[in-house]
Amino acid sequence: MSGKPKLYYFDGRGKMESIRWLLAAAGVEFEEEFLETRDQYEKLLQGGSLLFQQVPMVEMDGMRMVQTRAILSYIAAKYNLYGKDLKERALIDMYVGGTDDLMGFIMLFPFLSAEDKEKQRAFIVQKATSRYFPVYEKVLKDHGQDFLVGNNFSWADVHLLEAILMVEEKKSDVLSDFPQLQAFKARISSIPTIKKFLEPGSKRKPVPDDKYVETVRRVLCMYYDVKAN
């Protein structure tokens with residue numbers, strides 16, 4: 001295991017997408033191996049690569065890392081996107097944790113029935129505009145700085161931009177009552193590494209489609225229906 005990080009996941013967003021975002025923000029090139037068959041997944045299991053029998057899995061710096069949060073924390077620390085001290089790291093962890101909760105509602109969306117999707121769409125927008133976005137709007141307004149923590153670009157900024165764009169896919173004008181977040185989105189999107197990741201042809205994945213859902217269900221033997229919140 002050497003050279004570029006190698007990511008093992010499906011050819012779609014899911015839990016790996018935030019890892020792609022953070023590597024891209026750090027300017028790190030990476031390779032991917034997409035899981036398309038149950039045999040591929042079982043080979044990883046039998047080889048002992050998946051510590052808790054789950055993906056994402058990332059090969060990096062001589063390690064095979066699993067658990068999304070552990071992978072993201074390692075990348076953030078390695079590439080100076082994790083604050084300058086323990087207090088800043090705690091703030092970053094809090095903001096990322098909140099954003100993670102919101103993103104979790106969105107990750108369920110592709111696996112729902114058509115009826116449940118409409119309920120979930122409304123639920124996502126309601127939670128974003130009443131619980132999560134007001135927090136970040138206030139943080140940015142109160143400290144008057146360009147970034148969420150310590151006036152330096154961090155993992156928290158990357159994660160929030162990813163979440164904003166995901167919610168905008170459900171309701172395009174969701175930031176209409178959040179001027180600070182509108183300005184934040186524009187600032188972070190213009191950072192060169194982020195701008196590159198947002199351009200066509202990057203390794204950013206599109207909105208999950210039926211093919212992605214079918215592949216995940218087949219590889220993981222998901223024969224049950226996911227329910228909306």
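Which residue in β3 is the bridge partner of L7? The bridge partner of L7 in β3 is V58. This is a predicted model, in which local features need pLDDT of at least 70 and side-chain atom pairs count only at pLDDT 80 or more, while totals for chains, interfaces and linings use all residues. Residues are numbered from 1 along each chain as its sequence is written, and side-chain values use heavy atoms, with hydrogens and water left out.

**The sheet**

- Four strands form an open sheet in the order β2-β1-β3-β4, with mixed pairing; strands here are DSSP runs (E, at least two residues), and helices are runs of H or I with at least four residues, both numbered from the N terminus.
- The edge strands, β2 (31-34) and β4, each pair on one side only; two strands count as paired if DSSP finds at least two bridges between them.
- On average, neighbouring strands of this sheet are turned by 20° against each other, direction ignored; axes are lines fitted to C-alpha atoms, for helices over the stretch in contact, and angles run from 0 to 180 degrees between N-to-C directions.
- Helix α3 (residues 68-78) packs on the sheet and touches β3 and β4, its direction making about 125° with that of β4.

**Strand β3 and its partners**

- Strand β1 (residues 6-9) pairs with β3 in the antiparallel sense over three bridges.
- Strand β4 (residues 63-66) also pairs with β3 in the antiparallel sense, over four bridges.
- V58 stands opposite M65 in β4, and the bridge partner of M60 in that strand is M63.
- From β3 (residues 57-60), M57 and E59 point one way and V58 and M60 the other way, and all are buried, that is, under 20% relative accessible area with a 1.4 Å probe and protein chains only.
- The hairpin of β3 and β4 has two residues between the strands, and D61 there takes a positive phi near 55°.

**The two domains**

- The domain assignment, which is automatic or from a database, gives domain 1 (6-79 + 198-220) and domain 2 (86-190).
- Between them, the domains bury about 1600 Å², 67% of it on carbon and sulfur atoms; buried area is the accessible area (1.4 Å probe) that two parts lose on being put together, summed over both.
- S18, W21 and R69 supply 31% of the area that domain 1 buries against domain 2, more than any other three residues.
- In contact (heavy atoms within 4.5 Å) are 21 residues of domain 1 and 19 residues of domain 2.

Terms used. Buried < 20%, exposed > 50% of the residue type's maximum accessible area, 1.4 Å probe, protein only.
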